[in-house]
Amino acid sequence: MAQWAGTKGNRVSVLSYRPAEVLGRCHDRFGPVLRVGGRRGFVYVRGEAANAAVFAASDRFRWEEAFAGLVPVDGPTSMIVSDGAEHRRRRRLVQPAMHHRQVAHYVQIMAATADEAIDGLRPGTDADAYAVFRAAIRRSTIHALFGPELAADADVLGRSLQPLLDLVDGLPAATQWHRRLRTPAWQRAGRARAMLDRRIRAEITRARLLGPRAGDHVLATLVNGRDDDGDGLTDREIRDQVVTLIAAGYETTSSAMAWAIYSLATEPHVWATARAEVRDAVGDRPPGPGDLRALPYLAAVVNETLRLYPPAVVTARHVAQDFEVEGHLIRPGATLLLSPYLTHRMPEYWDRPLEFRPQRWLPGSAEYTKPGPARYLPFGGGPHRCIGATMATTELIVMLARVVARLDLTLPAQRIRPTGFAAMRPREGLRVHVTARR
Ligand code: HEM
């Protein structure tokens, strides 16, 4: 539900996302499994038992149909729309770049990019924190994964991607209509896609020419990687994984960043505690990879942000074989939707669910609980679980560490409305007033 937010009186202001709230009320009335639209329609599930049943039955689902709406952006060979052996092959070639150890190499890029963004904020002025950090996260994701050459064009790539992201930010059926009717939005997206593809293909060619000397970023892995049969990826497959990683990487993470800043700014004691932790751990310098373990409170802030504001409000599965959930038999052809947002706000699982309480994630705290993977699922679950989860949480911790250490912010009175299908974000951005910068 839309709400007015402000810092006056430090009112606790957890926001709600209207369509999900409506869905939640239907669940309250009709139970954890809701069917809409007949056999080939939608099945909405809510709660830990239903989510666990979905994660345990991944072999009964297909992703090609479930995420078909993303094909105009990500391409037909993207891992997100791949199934079975093709999915495993594509994912396996990207995986090394997303491992914990590899992500540690990105910390310096993340901190430096956050610092550049913060340097651009002038004390005494207002700024849209969502837009500022969206651009920063896009640049740092591209830099970390694909090297400085492509990162130099991060804003241009963002402009090319935007018409495509706009196109898929509705229900998949709406995207299909744009395609059938060749609407202006579809044509705009087509032109943008051609520009994007030219730039990425040039980079692929460059990486092929350099061979293993192309550095240790993902592009080199994608170009030089071979599966067990010695087969590599085609240029088309590489293009699709590159665009998928860029688009999936910054849309979601920057939404989470906006919600974290919003939550910190509405809870000054949380901001102060996070700042004290950063000061104790690293003083004035940016955190390095070895410092992350010394920032458990900030990690808790990130977990709590992703609990209340999971950018992926729902995630989908196409049912390919009979599947039973909570006593309901679901036949092939249906689209199953599970909702991190709804499960994360259920009073059955969370004490004071609509309060922002990072302490619930701290092992030393009386409120600590360790939710299982079907109760806390901001990154989904099963074989397509978000490949960028470690990168996203690391990026959020590092960038927030710089924000709380270097900035004092207040929230001017404004309307903050969660919106978006692909990633829940603040509809009109997040206006902040910068009172001080160090
Ligand atoms: C806070 C940030 C993020 C959130 C909330 C998020 C959430 C998700 C979710 C819910 C899924 C679907 C999983 C499922 O249905 O089981 C997913 C998949 C995926 N995400 Fe993320 N994501 C985030 C950041 C990232 C980043 C930083 C990257 C890469 C740079 C990334 C790349 C991907 C890819 C490639 C997939 C598809 C994986 C597959 O099909 O095997 N995501 N993400």
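How many nonpolar, polar and charged residues does the shell around the ligand have? By class, the shell has 14 nonpolar, 11 polar and 2 charged residues. Here Ala, Val, Leu, Ile, Met, Phe, Trp, Tyr, Cys and Pro count as nonpolar, Asp, Glu, Lys and Arg as charged, and the others, Gly among them, as polar.

Before we go further, a word on the model. It is a predicted one, in which local features need pLDDT of at least 70 and side-chain atom pairs count only at pLDDT 80 or more, while totals for chains, interfaces and linings use all residues. Residue numbers start from 1 along each chain as its sequence is written.

Back to the ligand. It is surrounded by 27 residues, the closest being Gly-249, Thr-252, Gly-380, Cys-386 and Gly-388; a residue is taken as near when its C-beta atom, placed from the backbone, lies within 6 Å of the molecule. Helices α13 (235–266) and α17 (389–406) each supply at least two residues of this shell, and α13 gives the most, with 7 residues. Helices here are DSSP runs (H or I, at least four residues), numbered from the N terminus.

Is Ser-263 buried or exposed? Ser-263 counts as buried because it has 22 C-beta neighbours inside 10 Å. The scale calls a residue buried if 20 or more other C-beta atoms lie within 10 Å of its own, exposed if 12 or fewer, and partly exposed in between, with C-beta atoms placed from the backbone. Leaving aside neighbours within four places in sequence, Ser-263 is in contact with Thr-305 and Phe-356, contact meaning C-beta atoms, placed from the backbone, within 7 Å. Thr-305 is 42 residues from Ser-263 along the chain, yet their C-alpha atoms are separated by 7.5 Å.

Now follow α17 to another partner. The axes of α14 (residues 268–282) and α17 come within 9 Å and cross at roughly 105°, so α14 is roughly perpendicular to α17 (65 to 115 degrees; under 35 is roughly parallel, over 145 roughly antiparallel, the rest oblique). Axes are lines fitted to C-alpha atoms, for helices over the stretch in contact, and angles run from 0 to 180 degrees between N-to-C directions. On the α14 side, Trp-271, Ala-274, Arg-275, Val-278 and Arg-279 meet Ala-401, Val-404 and Ala-405 of α17. By class, this contact has 6 nonpolar, no polar and 2 charged residues.

Definitions and conventions
Contact = placed C-beta atoms within 7 Å.
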